[in-house]
Amino acid sequence: MIDSPIEKEKFLAAEHAVNLVENHMIVGLGSGSTVYYFLRLLGERVSKGLSIKGIPTSGRSETIAREVNIPITTLQEHTEIDLTIDGADEFDPQLNLIKGGGGALLREKIVASNSKKMVVIADSAKQVKKLGKFPLPVEVIPFSYPALLKRFDREGFNPILRTSGGEKPYVTDEGNYIIDCHLGMVDDPIQLSAWFDATPGVVCQGFFINMASKVIMGKGELVEIIRKSS
Ligand code: 5RP
């Protein structure tokens with residue numbers, strides 16, 4: 001049962017997005033609570049005869065997809081994905097994103113960048129004028145993390161090593177750690193994204209620049225389709 005306005009918005013976005021999936025598509029299956037609704041709705045369409053294969057971006061999404069009988073495939077079998085549907089932690093007017101709140105950013109970025117189209121589904125709280133209020137997840141090689149924490153601190157990024165409950169570092173599906181950088185409003189996400197990408201030890205960072213083709217946003221009882229503003 002959907003019991004809060006924000007959950008309703010997530011559901012509405014997912015419900016709209018599920019109609020974009022066509023027969024015989026290879027579909028990138030994102031991660032997170034909005035994608036959860038999408039997977040359940042996609043499972044319903046599959047049970048009625050839709051023939052697709054999904055590539056999950058996290059262990060959690062794979063489990064849900066299997067539960068609802070969505071056939072699973074891999075990037076090894078299909079290197080080109082027709083459509084990816086994924087959530088976001090923030091999106092700006094250029095449809096640049098921050099992702100990775102759920103820790104699945106690396107596979108999400110690999111899947112998105114090998115997709116003909118990436119569509120974001122989100123509730124209205126994710127829409128921002130400038131990215132950065134949501135801490136930027138940076139996935140790092142465990143060997144590098146103490147040095148990177150210091151380096152990010154020197155840069156003024158207020159870094160915090162993500163933990164899984166207690167003291168132990170959170171470990172991603174790919175065996176890495178995540179440092180959450182508290183940036184505040186970012187004026188130039190493209191430049192900052194390039195800086196992180198050029199830093200040894202960083203495997204992936206949560207800026208998704210120029211990847212989303214549109215955002216389907218639930219707002220109240222309605223759905224808004226947001227395209228890049230010029
Ligand atoms: C996971 C993600 C999610 O897509 C993002 O955190 C949004 O999640 P939700 O739909 O639960 O708000 O990037 O790594």
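Trainee: How far is a polar side-chain atom of Asp 89 from an oxygen atom of the ligand?
Mentor: Keep in mind that this is a predicted model. Asp 89 is listed among the closest of the 17 residues that surround the ligand. The gap between its polar side-chain atom and a ligand oxygen atom comes to 2.6 Å.

Trainee: Which residue has a polar side-chain atom 2.5 Å from an oxygen atom of the ligand?
Mentor: Start with the closest surrounding residues, which are Ser 33, Thr 34, Asp 89, Gly 100 and Lys 126. For Asp 89 the distance is 2.6 Å, and for the side chain of Glu 108 there is an N or O atom 3.1 Å from a ligand oxygen. The 2.5 Å value belongs to Lys 126.

Trainee: Okay, on to the open sheet of 3 strands: which strands stand at the edges?
Mentor: The strand order is S4-S5-S11, and the pairing is antiparallel. An edge strand here has a single partner, so one of its sides has no neighbour in the sheet.

Trainee: Which element supplies the largest share of the largest nonpolar core?
Mentor: That core has 26 residues, and Val 21, Leu 29, Phe 38, Leu 42, Ile 52, Ile 70 and Ile 121 touch the most other members. Several elements supply at least two residues each, including helix H1 (5-18), strand S1 (26-29) and helix H2 (33-47). The largest share, 7 residues, comes from H2.

Trainee: How many residues are in the other core, the one with Ile 98 and Phe 207?
Mentor: This one lies apart from the core that takes 7 residues from H2. Leu 131 and Leu 148 are among its members too. Its residue count is 19.

Trainee: Last one, on cysteines: how many disulfides does the structure hold?
Mentor: A disulfide covalently bonds the sulfur atoms of two cysteines. The sulfur of Cys 204 has its closest cysteine sulfur in Cys 181, 13 Å away, so that is too far for a bond. Both residues are buried, Cys 181 with a relative accessible area of 0% and Cys 204 with 5%. The number of disulfides is 0.

How values were computed. Residues numbered from 1 in each chain as written. Predicted model: local features only at pLDDT ≥ 70, side-chain atom pairs only at ≥ 80, totals over all residues. Heavy atoms only, no water. Pairing = 2+ DSSP bridges. Helix = DSSP H or I, 4+ residues; strand = E, 2+ residues; numbered from the N terminus. Core = buried A, V, L, I, M, F, W, Y, C linked by side-chain atoms within 4.5 Å. Buried < 20%, exposed > 50% of the residue type's maximum accessible area, 1.4 Å probe, protein only. Disulfide = S-S within 2.5 Å. Near = heavy atom within 4 Å. Polar contact = N/O pair within 3.5 Å; in protein donor to acceptor, adjacent residues only side chain to side chain.
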